[in-house]
Amino acid sequence: MTGHDVFLPMPLMVVSSGIMVMLAATTWRRSVERSFVGSMVTLVLALAVMGYHTGRMPDTGSSLFIQDWWAGYTAILTIFSSLCILLMAWRDAGHDRTTLVDEYPLLFMLGTLGALAMVFSANYMSFFLGLEILGISLMGLAAFRHRSFMQGCEAAMKYLILSGVSSAILLFGIGLAYGITGSLRFIPPIAAGDMPAALPVAATVMILVGMFFKLSAVPFHMWLPDVMEGAPVPVAAFLAVVSKIAIFASLVRYFGTGNQPPFFDDILSVVITLTILGGNLLALRQTSLIRLLACSSIAHVGYLLIAFLCPGRLQSGAITIYLLAYTASTLGVFATITAFAIHEGPDGTAIMQWKGLFFSRPFLASAMSLMLLSLAGIPPGIGFFAKFEIVATGVEYPRGLLLCVLMIGSIIGLYYYLNIIRMMMTAPSLPSPRQNRHARPELTVLVIVLSMIVVIGGLLPARAIHSLLPAPAGPPAVQDRMVP
Amino acid sequence: MPAFSFNDTLLLATALFSVGLAGILVRRNMVFMLMSLDIMLNAAALVFVGAGARWHDATGQVMFLLILALAAVETAVGLALIVCLHAHGRPTLDADTGNLLKG
Amino acid sequence: MATFLIPILILCPLAASLITFVSAGRMDARGIGMVACAGVGISAVISIILSVMLLSGPVTGVLQVTLWPWMHMPGFSADIAFMLDRVSMLMILVVTVVGLLIHIYAASYMYHDPGIARFFACMTLFVAAMLVLVLASDLLCLFIGWEGVGLCSYLLIGFWYDDPANTVAARKAFYMTRMGDVALLCGLLLLVTATGGSLRIGTVLAAVANGQLAPSGINMAALFILVAALAKSAQIPFQTWLPDAMAGPTPTSALIHAATMVTAGVYLIARLHDLFAMAVPVMALTAVLGALTLLMGACTALVQSDLKRILAWSTISQLGYMFLALGCGVWQAALFHLMTHAFFKALLFLTAGAIIMRAHHEQDIFRLGGLRHTMPGLTAAFVAGASSLAGLPLVTAGFYSKEMILSGVWSAHFNLTHGWTLSGPPLWGMALLGAFLTALYIFRCVFIVFCGKAGTGAAGRTSRLMSIPLGCLCILSLCGGVIEMPDTLLPLHLFSGLLDPTAVLSHTHQPAWLVMAGAGAPLAGLGVAWVLWGRSSPVMREIPGQAPVICPVRTGRGMDALYHYAFVQPFCLLAWLTRLDILNHAVTGTGLLIQTASARIFRARADFLGRLAIQATRMIRWAGHLLGLLHNGRVRWYAAWIAGGLCAGLAMAVLS
Amino acid sequence: MNPLPALVLLPLMGGVLAWVAGRMRAPINPSTSWWVVLATLSVETLILGMVTFAHRAHAGPWLEHFSMPWIPAMGIAVRLDMDGLSLSLIWLSLILCFLCVFLATRQVTAHAGAFHFLFLATLAGIIGTFLATDLFVFFFFWELMLVPMFVLIAAWGHEDRQRAAMKFFMFTQGSGLLMLLSILGLVMAHDRLTGVLTFDIFTLAQTPLSPALSMLLMLGFFTAFAVKLPVVPVHVWLPDAHTQAPTAASVLLAGILLKTGGYGMIRFNVMLFPDAASRFAPIAMGLGVAGILYGAWLSCAQDDVKRLIAYSSISHMGFVLLGIFSGSAMGMQGAIMQMLAHGLGTAALFVIAGAIQDRLHTRDMNRIGGLWAAMPRLSGMGLFFAVASLGMPGLGNFTGEFLVLLATWHVSPATATLAAIGLVPAAIYALRMVNRIFLAAPRAGLPSLEDFPVRHMAVLGCIMTFLIVLGLYPQPFRTFSVPSPLSVTASQEDHTP
């Protein structure tokens, strides 16, 4: 197998060259601001060149990368999320003048690069590379919290060991698949003649387990709340959004939308059930907002997997809009937390600290409520329509049991989301002292933009539904035009 | 002349993998856990080598190299973290004591 | 012209009610009284004009007025419609004329009460509702009046709301009658289903006559309506609310709880007598219940010591007579008695009210006494009413109406199923005994209150405004009965001819001794009462029953002892039995039971469904807690989960 | 210019204006937002009046139709249609909003602008619910109106407000998810049969369904509406929510929000799944009777005025359920009459209870004592509406109850008798309330209280008049508020003007 087509998607190229430039720049002069600005410019550039190849590169089956509509869509989401997270991280890092942190944005950029590589990958090799670049940069990021260093280090250590285990499992599976088919093409292995039938099954399951770990589906989810809690808030957002989008994009690409192995249904059903119930129940008892969001993101993965499991006419629309809804709402929540944290001294991750926010900071509280309601699937947020679509796919491809689980999960979820809103509405026992309010225009703008996305997406979701999913490995299907 | 068939390689790799996994599960010392992790990664690498030999394909070797690099990086980061923890006054290597984050 | 007058007839008191209600606090007591009296007075005049028109010329037969459609839809139609025939003519006369007299009286009686506006608003509203009730030609429209009078009765019984006992009595009255209302509603539903969508009285009766209803349907409908009537008229088993209802002001007792509202049940059954005539078992039940009630009411009245309660029980007893008459099919007699009863009972109540007012609100007859010296006029009025109630022969109206009932009862005969029959004479015997007891208890009251040594002193004098109605009612209750006479005396049948010219009641074949017996029983009662309470050294001053059950027997007094054993002891027993009033206890007991049961449930946290919901959430929380325990923060434990998940996945995939 | 979207959007825009006005600083009068609300409602009334009277010549059952594509990929369009039923319910909503605005919302001083915004947003959601004929749009509004109501209860309510608000939201939202499943089930069934993905109820009504499936789908709808109505086993949220909500929210809740449940049952249970509904009718009627008796019984045991009224609502709504499922036009009309009358009467009672709470700072009947001497006007009104609530003939509630009972009697006399027995406890709770807080001895140490001023009396007097007219001359309302059949689509009419 020689002669991979040397095809590199433009965004990937832009981001990697940007990283190299920034690395070189650190040798010149170290500056936090310059580093942030450089990364943002790089990301914006990457966004700009997104349309360059998209959709025109046919999947010949031997290339390392592919750039179809699905990859383009998820890449846009990834880059956009990274931009938002960089915005959140900017002042957070600037706040902490003790150490020079120009590698902070650099690590974010590396993570983004890894995610992009995963999103575009059409080959085990590129997928594996992207996964590890993302993972290792996350280890660095997780330990980046100086205020509570022990927790940060513990989170990083946990992530390191557990993701190492899962990488090993994944690699073992890939190795098996390679052994069966002799190709590193990014599709599930099919049993060849002389191999025992269990081998491809084992390979697929191991790859699946590796992906589930990264997606944090129950029972492989345990690291996520701990790591997110230990990491700085923007890193937690990165974990909750970027890495999940990337791995989900790969999952969709890997299993495609058609030829799923027979055992796939059972395993996925069990995992979805466990994920939704486990995530929601776990979230019920959290007192830390970040942990709660971690648990809720576990549950959301469960909902997404329902759509993934129900092939049908609506599947594509449901997945795309749900990804968008999840990204926008979660980013919004994290942006609000960041905006809040700066003002109130502590990092604002305990739910109790949010008491009475409606009275002290109505704008922030309203935005937070909007985001939470969107996550809970209440109109007018985009989450409402996204959940509607998920249920629609479930009904179209009848999956009664999973729908019941989804219902129960949503009701439990509603409770803890509302609980936060309720907490914000409780009148504070003491009038909160007017603390130093730094003007944070960029965060305000970010929150407003995300709120608008959530609301407009909820009111006019028609533009966001497109069949973007990759064709089920074979001749490329005719695809809709994507609206930039 | 292949000394081992692919299946034999697989058996060995599986055994190695199990040893690594068991090491992670039973050892509490973080350094040992990192070593077990390396064993697991190497087991996966062995599969690639075996499969590459089976198909007479160089891609397996490429993957092997990549996995080696990964193992090295993981160990490096892990050791760096352990050193950092030491520097911040937590001399123990016991992984079970690190459960500040839970619940 | 006449169609015009009927709405005005109802609107006048309604307008008076609205004016007095809205003007509360802005108009003085005198003005309020005048407005109310004017409202009722105009309708009295109109009703007299209408009666004249109906009897003598312009209008013949039945006058139908449909004001507007109420509910019209496929399968059902009801109108706000009124009908003036001779029965309703009689009723509007009674309601407006007696009502007017009572209003005039009340204008003086309530003059000093601060709540006079509310009082008159309710009274006039009552008159309006009662007029709707008696005029309605649609049973559903009648139901408006039926509930409306109940509401006014509730408001007026609880008029002095400062005392919780009064409001309790008011609510009791409303609840008991409400049960009857539900029965009436069910009866209406049954009828409307059977007749195919109309509740016009004419349509209903025609449907019954045409046999559109199965016999069981007729029986059920009649039974439902009977229950409603029993509740409204305080008959067994609903009798307990009426004595308590005496908590209201006396004019209210006179108008609502004696003259008009309580007779609504009688009116309803008389109105639907064709329906009842087809339901023989229900008729028999009506008669038996009426007979029982009249006896029980009389016995209880005999042992009461509260003046107004005596009158209340006597009302129950007299209504029992009417039900007996209705049960025996002589509805004309029932209506006749209704009319005379309205006269004399209103008189008695008003007089009692005047007495009580002048005697410093003393209602216990044993604390009064010798009043004939201090208030001779009131004594005369009360005696007139009492003799009419007792039915002293020839000179009183009560005699004629009671005689009509008795002769009707004698010739009644019920063919029940399976060869069981019930004939009139036993019922007649009971009624006769009742007549005797009636005379006994009312003259006991007369003798104790007006004879003997003076009790509480009297003060003031009865105002002229109060005396005029008393005088009018005196005349009516003495002479109002001569329009209908037993055949034995004189074949004069003006009243029954008035009601239904085609079916004049005559009992020519009945032996003369029936009339003699009917005349003798009250006289005997009067005599016994004189012996027991009237003489200068009365046999009994104590109330039997309140004192130890065995009354003091005065030895050596021959006849007295005999009287005592013959009458007093049985009455004591009866009194004791009625005092126990099982039904009353049952009712209060049930109420108590419901109350405690609901209190229990509430103490156990709202309602059990809510509790269930709380338990469910607790379960979910508990599950979340358990899950939290799994996340113990140890990395090896997490890795073990991953390994376990891997193994489970592999097993599932390979084994499936 | 089609008035229907304006009807929905106007309150929303007015609400935003009111919010802005409420946040203005010194030079602007603090009650500006209140005036904005009043103006909004007036304009809304004007539009509604135009709709009501301008289209009399238009003989079809649907008065107005509006359609605009929204999400073409899913076959979703903003379809709004108005028939007599929705028109009368919107009128009811507007009347009650005026009642709130005049009597209740002026008392809100804390964050008045936000309060008014949420108030109008709830109204917009409710009106949207009444108008939507696209199932998705209906569901959208159905969920949308919960949010402002939740905030109203949770932020402005009484002592235990947050638990009550949570309960309210969880119950209604949870049951809403079941309805979502049913909606999608129906749409997908239609899609499978015809290949057309649409949420238009006119089209969906023609879907042939197997009996089991239609029963299942109907149950999903039924559960959601039953929670909202509420029907007895799932009424748990209602007493708390009604009790803890601020007066205006209580009025909206009891007056209109509950009606959306009844409306939904008529439009989406009975008309969309006639067969399944008729098969389900015995159970539904049983639940209705249970609601009547249970609600009345619990109402009798309450000490909290608002709780008492809340339980009485459960009892009244039992009649609505009974009527809707009695399977005849008569029962349906009875249910509609009952909804209108209950909306007016109970809203007035809540206003009165709110006024008492404002003045005495308690809702406990043991601590209120008699008010007649101190506040004869308020007490007189209280008496009137209590009497209306016990079903006095000649007032609106009786008309509804009688028609329902009559329709039920045709189906099952025993059920009707049981339901009629519920009128006895109705008398008990109504008069118990009257005799404990109105016609009772005044409590010692009662502070001097301000009675209702004349303008409040005038507003309540209007409600009174409506109730009397509903009771004595319901004929025009009855013919007016008939729901239009789904077999005749509004758009068809539009094509043939």
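How are α18(C) and α19(C) oriented to each other? Before I answer, please keep in mind that what we are looking at is a predicted model, and that the model scores ipTM 0.85 and pTM 0.88.

Let me start, then, with that pair in chain C. Two packed helices are described by the angle between their axes and the distance between the axes. Here the axes of helix α18, residues 397–410 of chain C, and helix α19, residues 424–450 of chain C, come within 7 Å and cross at roughly 155°. Since an angle over 145 degrees counts as roughly antiparallel, α18(C) and α19(C) are therefore roughly antiparallel to each other. On the side of α18(C), the contact is made by Lys402(C), Ile405(C), Leu406(C), Val409(C) and Trp410(C), while α19(C) contributes residues including Gly424(C), Pro425(C), Leu427(C) and Trp428(C). Sorted by class, the residues of this contact of α18(C) with α19(C) are 10 nonpolar, 1 polar and 1 charged.

The axes of helix α1, residues 2–22 of chain C, and helix α4, residues 116–135 of chain C, come within 7 Å and cross at roughly 160°, which makes α1(C) roughly antiparallel to α4(C). The crossing in which α1(C) passes α4(C) is left-handed. Among the residues that meet here are Ile6(C), Leu9(C) and Phe21(C) in α1(C), and Phe120(C), Leu131(C) and Val132(C) in α4(C). By class, the contact of α1(C) with α4(C) holds 16 nonpolar and 3 polar residues, and no charged ones.

The contact takes 28 residues from chain A and 23 residues from chain C. On the side of chain A that touches chain C, the elements that give two or more residues are α6, α7, α8 and α11 of chain A, and the largest share, 7 residues, comes from α7(A). The residues on that side of chain A divide into 22 nonpolar, 2 polar and 4 charged.

Among the elements of chain D, helix α18, residues 413–421, has the highest mean pLDDT, 93, whereas helix α22, residues 490–495, has the lowest, 47. Over residues 491–497 of chain D pLDDT stays under 50, and for that stretch the model has 5 contacts beyond four places in sequence.

Technical notes
Residues numbered from 1 in each chain as written. Chains lettered and ligands numbered in written order. Predicted model: local features only at pLDDT ≥ 70, side-chain atom pairs only at ≥ 80, totals over all residues. Axes fitted to C-alpha atoms, helices over the stretch in contact; angles between N-to-C directions. Helix = DSSP H or I, 4+ residues; strand = E, 2+ residues; numbered from the N terminus. Parallel < 35°, antiparallel > 145°, perpendicular 65-115°, else oblique. Contact = placed C-beta atoms within 7 Å. Nonpolar A, V, L, I, M, F, W, Y, C, P; charged D, E, K, R; others polar. pLDDT = per-residue confidence, 0-100. Left-handed = near helix turned anticlockwise from the far one by under 90°.
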